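Here is a short briefing on side-chain contacts. Look over the sequence and the model before reading on.

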Amino acid sequence: MRVLIAGASGLIGTSLTTRLRRSGHEVVRLVRREERADDERRWDPPAGEIADGALDGVDAVVNLAGAPLLPGRWSAARKQVLLDSRVEPTEVLAEAVAEHGIPVLVNASAVGYYGDPGPSLVDESSPVGRGFLAELCTAWEGATETAATAGARVVRIRTGLVLARKGGLLDVLRPLFRLGLGGKLGDGKQYMPWISLDDEVGAIVFALENESLSGAVNLSGPQPATNAAFTKALGRAVHRPAFWQVPGFAMKIALGQAAEEMALFGQRALPRALEEAGYPFRHPTLEDALAAAT
């Protein structure tokens, strides 16, 4: 396939580009600066513009664009940035998919869609939750409707916490844990829907190639763990004790709503759609994923 990727320079996009090329697919990367390589095409989402010819011969589009959720507080202005950086690009790409008759759009979303369901299991059939992240994901996914209405197979990948050797969540946690400063967040009962980078990328490629997948697809490991269990497992992986605790109120004082929804909320999300479609997880347990990432 010839695959167009928005957000190709990030953690997931970089690995996805490499995996697709190793599998024999051709990748075209959308960039917001001037083009510097033969595989780059410029676009300007706020202006609704994509370079002429960028979608010629494209079989599928993958949209991973979006401003980072952290660090920093979610002020009203920051929330608007987070919303615009996801919804505007998605609208532009969905319209391009519809206009050019591209058959597949794989669009990023997140397990934050489910809000904070506590210990209850959630899968792709579960309702939207409450909170800013849930509202953000709803708008993000809704922006793909133009493509779906035009007949494209739209896969909305609700990604969990990606565990990677370089980049992502573990870049923040790993140094603390290696210094013996690791610990659970709040009471540690909130679930962490982790997924290894290998499986995150593998699942996206699987979604591109597997015509049975459409709609919402949770990208999370098959065995979600509580924050307390995750903390112990990461401590074992780096051979350090992890007995500290960061009080929830202190996190809220420091980061406000961002801390609450990103660290104290949790989703016990199951990858039901992937499992039913037959995706073979390379790292089916948290221990497997941490061993690969540490």
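Trp-244 is partly exposed in this predicted model, with a relative accessible area of 44%. Phe-243 counts as exposed, at 58%. The two residues form a tilted aromatic pair, 5.2 Å centre to centre, with 35° between the planes.

**Aromatic rings**
- The structure holds five aromatic pairs.
- Tyr-279 and Phe-281 are an edge-to-face pair, because their planes stand at 85°. The ring centres are 5.0 Å apart.
- Both Tyr-279 and Phe-281 are buried.

**Charges over rings**
- Arg-86 places its charged end over the ring of Trp-140, 4.9 Å from the centre.
- Arg-158 lies over the face of Tyr-113, at 3.6 Å from the ring centre.

**Salt bridges**
- The model contains 13 salt bridges.
- Glu-145 bridges to Arg-156, with the closest N and O atoms 2.8 Å apart. Glu-145 sits in helix 4 and Arg-156 in strand 8, 11 residues apart. Glu-145 is partly exposed at 39%, whereas Arg-156 is buried at 14%.
- Asp-198 meets Arg-282 at 3.3 Å, N to O, in a salt bridge. Asp-198 lies in helix 6 and Arg-282 in the loop between helix 10 and helix 11, so the bridge ties together parts 84 residues apart in sequence.
- Arg-236 and Glu-287 form a salt bridge at 3.6 Å, N to O. Arg-236 belongs to helix 7 and Glu-287 to helix 11, so this pair ties together parts 51 residues apart in sequence.
- Arg-21, Arg-29, Arg-33, Asp-39 and Glu-40 are joined in a salt-bridge network.

Conventions:
Residues are numbered from 1 along each chain as its sequence is written. This is a predicted model: local features need pLDDT of at least 70, side-chain atom pairs count only at pLDDT 80 or more; totals for chains, interfaces and linings use all residues. Side-chain values use heavy atoms; hydrogens and water are left out. Rings of Phe, Tyr and Trp (its six-membered ring) pair if their centres lie within 6.5 Å; planes under 30 degrees apart count as stacked, over 60 as edge-to-face and the rest as tilted. Buried means under 20% relative accessible area, exposed over 50%, partly exposed in between (1.4 Å probe, protein chains only). A charge sits over a ring if NZ of Lys or CZ of Arg is within 6 Å of the ring centre and within 35 degrees of the ring normal. A salt bridge is a side-chain nitrogen of Lys or Arg within 4 Å of a carboxyl oxygen of Asp or Glu. Helices (H or I, at least four residues) and strands (E, at least two) are DSSP runs, numbered from the N terminus.
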